[in-house]
Amino acid sequence: MTRPDTDAALDAYSRVVTAVAADLTPHVAALQVTGPDGRSGAGSAVVVPGDGLMLTNAHVVGRARAGRAVFADGSEAPVEVVGTDPLSDLAVVRATTGAPEPAALGDAAQLRVGQLVVAVGNPLGLAGSVTAGVVSGLGRSLPTRDGRTARVVEDVIQTDAALNPGNSGGALADSASRVVGINTAVAGWGLGLAVPVNATTRRIVDALVRDGRVRRAYLGLVSSPAPLPAALAERTGRRRGLRVVDVVAGSPADRAGLRAGDLVLEAGRAPVAEAQSLQRLLFTEAIGRPLPVTVYRLGAMVDVIAVPTELTG
């Protein structure tokens with residue numbers, strides 16, 4: 001038998017999840033696309049501000065140029081692919097006929113570990129499926145591969161909200177029904193990942209709508225936020241850096257001499273304490289230009305110069 005205070009807490013939790021589900025479900029569609037080779041793909045997509053614009057995953061869209069969106073009320077709309085950005089695993093499609101009103105967008109920069117989040121998508125063809133959980137981790141990096149090209153999706157949200165095939169491209173929302181992430185992968189049992197909705201994401205979406213693609217600079221680092229050793233924190237006046245978890249072989253980071261285990265303190269002469277700090281440097285203007293990187297390695301400060309290349313398919 002549960003105690004009254006436990007019952008009240010569970011009721012409050014249920015009300016929040018129910019409200020978010022009711023708010024978001026009309027704005028999340030089941031997405032089906034067909035590529036030029038005849039291969040089909042399926043996932044979810046979220047209606048965002050713009051004339052019929054919808055946000056989904058690049059890996060859902062693949063090389064397709066068109067498809068169909070089915071909304072929670074049963075209505076359908078043909079869609080055209082506006083643009084894809086594999087580095088962020090984001091894609092924008094546009095419904096060419098009527099689409100629901102857009103969902104409200106939030107800011108993943110405001111998320112905290114332990115915060116309640118709700119995932120809405122279409123797993124296994126089950127429209128309008130809702131799961132809930134908490135933010136398990138922030139600032140994760142997700143290595144991906146497309147053919148021979150290795151990529152790293154930065155600043156990923158980790159959540160324990162259950163995700164299944166078809167959830168990719170769906171919404172991850174906070175308790176106020178604001179979309180703070182686009183569900184992107186199932187990494188393992190009880191582990192879901194989502195691309196954050198933040199200032200960098202908005203810049204990516206704007207570029208996709210304007211140009212159909214994002215010219216991205218590529219380093220080839222897999223990193224995770226990490227605390228600085230006490231002595232180093234006192235010396236620098238900073239508390240966190242980026243721990244290099246892996247370096248993609250043959251990448252600009254590899255050629256610059258960066259190694260797994262390095263603690264990145266600065267990039268481009270600016271402090272880095274989260275994946276987004278590095279990611280926001282890697283746009284068009286960084287391609288082919290020397291990027292100074294300062295790391296802490298085996299008790300010493302080490303300066304290297306990396307030259308990002310343009311990310312290509």
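Start by selecting Thr25, which sits in the loop between α1 (4–24) and β1 (28–34); helices (H or I, at least four residues) and strands (E, at least two) are DSSP runs, numbered from the N terminus. You're looking at a predicted model, where local features need pLDDT of at least 70, side-chain atom pairs count only at pLDDT 80 or more, and totals for chains, interfaces and linings use all residues. Residues are numbered from 1 along each chain as its sequence is written, and side-chain values use heavy atoms, with hydrogens and water left out.

Is Thr25 buried or exposed? Thr25 counts as buried because its relative accessible area is 18%, and buried means under 20% (exposed is over 50%, partly exposed in between; 1.4 Å probe, protein chains only). Now show the side chain of Thr25: one of its polar atoms lies 2.6 Å from the backbone oxygen of Ala21.

Next, jump to Gly241, in strand β15 (residues 240–247). Gly241 is buried too, since its relative accessible area is 0%. Which residues does Gly241 touch, leaving aside its neighbours within four places in sequence? Select Ser224, Pro225, Ala226, Leu228, Leu263, Val264, Val272 and Ala273, and you have its contacts (heavy atoms within 4.5 Å). Keep Ala273 highlighted: the C-alpha atoms of Gly241 and Ala273 are separated by 4.2 Å, though the two are 32 residues apart along the chain.

To find its middle, select Ala109, Leu111, Leu138, Gly139 and Glu274, which lie nearest its centre among the 17 lining residues. A pocket here is an open set of points on a 1 Å grid over the protein atoms alone, where a 1.4 Å probe fits, with protein on both sides within 12 Å along at least five of seven lines; lining residues have an atom within 4 Å of a point. The top contributor is β9, with three residues. By type, the lining splits into 10 nonpolar, three polar and four charged residues.

Finally, zoom out to the whole protein. There are six helices and 20 strands to click through. Of the 313 residues, 50% count as buried. Among contacts between residues at least 6 apart in sequence, 60% join residues at least 24 apart.

How values were computed:
Polar contact = N/O pair within 3.5 Å; in protein donor to acceptor, adjacent residues only side chain to side chain. Nonpolar A, V, L, I, M, F, W, Y, C, P; charged D, E, K, R; others polar.
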